[in-house]
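Biologist: Can you walk me through this one? Let's start with the terms.

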Amino acid sequence: MKKTLKVEGMMCEGCVNRVIAALKEINVVAEVSLENKSVSFEGDSELVKTVVSEIEDLGFEVVE
């Protein structure tokens, strides 16, 4: 199932690249939009928890 998370705190392409790189390390291919401040990916509820944790570890806030 496709999941889209709203992410607060992404201000530039550098932020987008940090999120993409962190998710790539856990084998998640995501569409990250600076304009919409969102991260979209395919996965189940367990993967959502992992992705949220990874994004928050970078210092961003996930507001679902």
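Modeller: A residue counts as buried under 20% relative accessible area, and as exposed over 50%. Keep in mind that this is a predicted model.

Biologist: Take Ser-38, then. Buried or exposed?

Modeller: Buried, because its relative accessibility is 7%, and the cut-off is under 20%. Ser-38 lies in strand 3.

Biologist: Which residues does Ser-38 touch?

Modeller: Leaving out residues up to four places away in sequence, Ser-38 touches Thr-4, Leu-5, Lys-6, Val-7, Met-10, Glu-31, Val-32 and Ser-33.

Biologist: Zooming out. What pattern does the chain follow?

Modeller: β-α-β-β-α-β, read along the sequence. That comes to 2 helices and 4 strands.

Biologist: Now helix 1. Which of its residues are buried?

Modeller: Cys-15, Val-16, Val-19, Ala-22 and Leu-23. They cover an arc of only 130° around the axis, so they sit on the same side of helix 1.

Biologist: What covers them?

Modeller: The cover includes strand 2 (31-33), strand 3 (38-42) and helix 2 (45-57).

Biologist: Which exposed residues are on the face turned away?

Modeller: Lys-24 and Glu-25.

Biologist: How far apart are the end C-alpha atoms of helix 1?

Modeller: 18 Å. At 1.5 Å a residue, its 13 residues should span 18 Å, so the two agree. Just after helix 1, Asn-27 takes a positive phi of about 60°.

How values were computed. Residues numbered from 1 in each chain as written. Predicted model: local features only at pLDDT ≥ 70, side-chain atom pairs only at ≥ 80, totals over all residues. Heavy atoms only, no water. Expected span 1.5 Å × (residues − 1). Buried < 20%, exposed > 50% of the residue type's maximum accessible area, 1.4 Å probe, protein only. Arc of directions from axis to C-beta. Contact = heavy atoms within 4.5 Å.
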